Amino acid sequence: MISVLPKVSFVTCTYNRPRYLREAIESLRRQTDPDWEHLIYDDASTDIRVAETLAWAKEGPRVRVWRGDRNVNQPSKLWNFLLDRVRGRYVSCLDDDNTKLPEFVARMSAELEANTALDVVTCGWFVTDSDGVVCSEDHLNLQTSFEGNRQRSTCDGGSTLIRRSAFDRVGYFAEDIRTNEDWDWLRRSVEILGVKNVGECLATYRTHSSNR
C-alpha cells in the first residue's frame, strides 16, 4: 500500500537523453515496493522528445516535474533544489541514464527501517554498455570507509539510499564542483554517519560517450 507520504524519494536531473530517461522512469514503475515518488528536473532540454517523455511520466501519480528556462549544467544544484521538495523519509539519486533493479526500494529501505542507527545503505551495481547490456559487476562500496573513500570514489550515488535527515547533519551536495558530487558527499558522511552495504547489485550504471 502506498503511504500518504512516500517512503522513498528519487531525484533525477535530465538533459537531452529521452531514451535513457524513459528507461530510468520505467525502472521505478517496475519496483516491487511501490511506496515511492519521483522528482525530475529538466535542465532546459532542447530535444522535444524529452518533453514528450516527461508528459508521459506525469501520467503517473507519483511523478513531479520541474523544467528550467536555461541550462545550468550542474547536477548538484538541481539535486539540492529537488532535495528541498522531497516528501520521503529516504532519498536516492537516479541519473537519467541509469536504472534501479525491481527490488531496490524493498531491499534497501528494509535495512533503514530495521536499524535506526543506519543513515546510508549502499549496494553494488551492474555496469552496462550504451544499450543496457551488462558488462560487469561493481562492489567497490564494500570497501567504503573514511580512509578508503578519501583516496577514491567507492560508491556511485545511484547505489545509495540515504535517510533524509542525514542531509541536515552532513549538508547538501557541494555546488562548487562539476562532477563526483556524490563521492564528495560520501567522503563527508562516512566519518559521522552509519553506513552499511547489502552485498548485492540492485542498480545499474551505464557507460556511454556522454558520461561525465
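Reader: Which handedness does the crossing of H1 and H2 have?

Author: This is a predicted model, in which local features need pLDDT of at least 70, side-chain atom pairs count only at pLDDT 80 or more, and totals for chains, interfaces and linings use all residues. Residues are numbered from 1 along each chain as its sequence is written, and side-chain values use heavy atoms, with hydrogens and water left out. A crossing is left-handed if the near helix is turned anticlockwise from the far one by less than a right angle, and right-handed if clockwise. For H1 and H2, the crossing is right-handed.

Reader: Are H1 and H2 roughly parallel or roughly antiparallel to each other?

Author: Their axes (lines fitted to C-alpha atoms over the stretch in contact, with angles from 0 to 180 degrees between N-to-C directions) come within 9 Å and cross at roughly 15°. Angles under 35 degrees count as roughly parallel and over 145 as roughly antiparallel. H1 and H2 are therefore roughly parallel.

Reader: Is Ala55 exposed or partly exposed?

Author: Ala55 lies in helix H2, and its relative accessibility is 44%. Buried means under 20% relative accessible area, exposed over 50%, and partly exposed in between, with a 1.4 Å probe and protein chains only. Ala55 therefore counts as partly exposed.

Reader: What separates the C-alpha atoms of Ala55 and Val65?

Author: Ala55 and Val65 are 10 residues apart along the chain. Their C-alpha atoms are separated by 9.0 Å.

Methods: Helices (H or I, at least four residues) and strands (E, at least two) are DSSP runs, numbered from the N terminus. Angles under 35 degrees count as roughly parallel, over 145 as roughly antiparallel, 65 to 115 as roughly perpendicular and the rest as oblique.
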